[in-house]
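Work through the exercises below with the model open. Each task is followed by a stepwise solution.

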Amino acid sequence: MTTLPDKTEKSLGLAIDLDTCVGCHACVVSCKEWNTGAYGAPLADTDPYGADPSGAFLNRVHTFEVKQPDQPAQVTHFPKSCLHCKDAPCVTVCPTGASYKRVEDGIVLVNESDCIGCGLCAWACPYGAREMDPVEKVMKKCTLCVDRIYNDNIPEEDRVPSCVRTCPAGARHFGDFDDPTSDIFKLVEKRGGIDLMPEQGTRPVNKYLPPRPKADTTPQVDVLGPLLDVSTQDAGGFFGWLDRALDKI
Amino acid sequence: MHPAPSIILFTALSGLGFGLMIFLGIDPPSKGGWVMAVFSAMALTLACVGLLASTLHLGHPERAIKAFSQWRSSWLSREGVVAVATLGVFGAYAGLIVVFGVTVPILGGLAAAFALVTVLCTAMIYAQLKTVPRWNQPLTPVLFVLFALAGGALLAGKVSLSLWLTAFLAAAQVLAWVQGDRAFAASGTTLETATGLGALGKARLLEAPHTGKNYLLKEMVFVIGRKHSTKLRVIALVLLAILPLALGLVFEVKHMLAAVIVLSHIAGLLVARWLFFAEAEHVVGLYYGKR
């Protein structure tokens, strides 16, 4: 049913630390890998080894530069995937009931056998979180690795979304945002986690932790410079004599 | 937004068909069954061709029946349900007139009301989208309804009424363009709110997430419409309103001239509808430094 639940029992989601992300795209690759072999139809590509490759991804990393007028520019890597919104506009526009938000954990999913591939949900999402599969012609989106997080057949430490498990910088955190005792709740509280496009009224579950302010942005005095200058002080032998003789001219 | 021909044909033709049904439902032609048969066939054909065109852009048209289920929340689903109901009620009403010569005004009124609601639902599919600020305004449904009424009246042969409606339509269209041009800025969505980095300064895209195209860019970033926007607006306005109004007011409208006016109006409608999609900007483009 594409009407949204009044309340979900949990609000599972991600906190993404923009201060820590190094922009390595490992989460993009691991997401693609897991979701090509797991839930639903494979995440397809067209012309993957040709001149014009294109394909569906559920997670992509943009890189932005932010600048104050007279300050040095600051670079921020920005991973973006479905934010599992509380007021998900993609769900309510769906004509078939294929898109839904789960009452038990708040995950927004697509039932691919009901999807007619009309694309209206992708139009309704302000974040670009949904992409049409170019081969299967159904809408694909982040499942929060619903087939990992409850999966008893894999080791316990792997029962988190693939992107979180793989991030070498520890920039991605997974948990229940409704539980005030959870690590993720405390982390978001402490770091002042923010919503993307709050004016769109989507109430996203996923939060972004803003980059920490730079401690010191005043221009640095180069203390090592003089020490690294070319020195001929200890030169001996013929070339040492030549050096001293040429200095005297 | 990418102006898909299937969607443009769907909204334009079904709008004309349902617009014609509104007038046939309220005031059926008095000359008898055959005339009604021709007009009804035209209305039903336009509506059905439009609705069928809409299924062309679906990834899985064979599952289209499922789209009738979510009328509680989805304008697209509502549109489907009401459109089919309209076709049924209007078909019964027109059939009674054509076959038995019996006019049931209540049935006709109901068909007209359903047809009007269908057009409103079509408009709301687009007007509901906060992500496309140009569409997300009350003028969008007003415009769709005026398009249906002006076109419907013209097809129904109610020339002087149609000319009045065309004048209103032209005014609403110009207003919608003017408001639409300001809508993106007025929505308050910027790259700074999209990334949450506004507190740190002015943001710009340094590196895109991928070198090639993707679904989002193909579907939601389209620049040709905006590049030629002014020219296309003038063309649309001339074909849609100025030429029909000039011809209608200067000459006495007989069959040949009516055909010219109808064709001009439809051509204008198609240009205006192409532009409706082609110049609309989706907020997701901000993440790509494109719009």
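**Exercise 1.** Is Asp195(A) buried, partly exposed or exposed?

Solution. The model is predicted: local features need pLDDT of at least 70, side-chain atom pairs count only at pLDDT 80 or more, and totals for chains, interfaces and linings use all residues. Residues are numbered from 1 along each chain as its sequence is written, chains are lettered from A and ligands numbered from 1 in the order in which they are written, and side-chain values use heavy atoms, with hydrogens and water left out.

- Step 1. Take the classes: buried is under 20% relative accessible area, exposed is over 50%, and partly exposed is in between (1.4 Å probe, protein chains only).
- Step 2. Asp195(A) has a relative accessible area of 29%, so it is partly exposed.

**Exercise 2.** Which residues of α6(A) are buried, and where do they point?

Solution. 

- Step 1. Ile184(A), Val188(A) and Arg191(A) are buried.
- Step 2. Down the axis of α6(A), these buried residues fall within an arc of 80°, so they line one face of the helix. The arc is that of the directions from the helix axis to the C-beta atoms.
- Step 3. Their packing partners are β1 (12–17), β10 (172–176) and β11 of chain A. Contact here means heavy atoms within 4.5 Å.
- Step 4. Glu189(A) and Lys190(A), on the other side of α6(A), are exposed.

**Exercise 3.** Which residues are linked with Glu279(B) in a network of salt bridges?

Solution. 

- Step 1. Glu279(B) bridges to Arg233(B), with the closest N and O atoms 2.9 Å apart.
- Step 2. Glu279(B) lies in the segment after α11 of chain B and Arg233(B) in helix α10 (residues 229–250), so the pair ties together parts 46 residues apart in sequence.
- Step 3. Check burial. Glu279(B) is buried at 2% relative accessible area. Arg233(B) is buried at 13%.
- Step 4. Complete the network: Arg134(B), Asp181(B), Arg233(B) and Glu279(B) are linked by salt bridges.

**Exercise 4.** Which residues of chain A does Ser74(B) touch?

Solution. 

- Step 1. Ser74(B) lies in the loop between α2 (33–55) and α3 (75–100) of chain B.
- Step 2. Ser74(B) has 0% relative accessibility and counts as buried.
- Step 3. Not counting residues up to four places away in sequence, Ser74(B) touches Thr92(A), Val93(A), Cys94(A) and Pro95(A).
- Step 4. The Ser74(B) side chain reaches the backbone oxygen of Val93(A) at 2.8 Å.

Definitions and conventions:
A salt bridge is a side-chain nitrogen of Lys or Arg within 4 Å of a carboxyl oxygen of Asp or Glu. Helices (H or I, at least four residues) and strands (E, at least two) are DSSP runs, numbered from the N terminus. A polar contact is a pair of N or O atoms within 3.5 Å; within protein, one must be able to donate a hydrogen and the other to accept it, and residues adjacent in sequence count only if both atoms are side-chain atoms.
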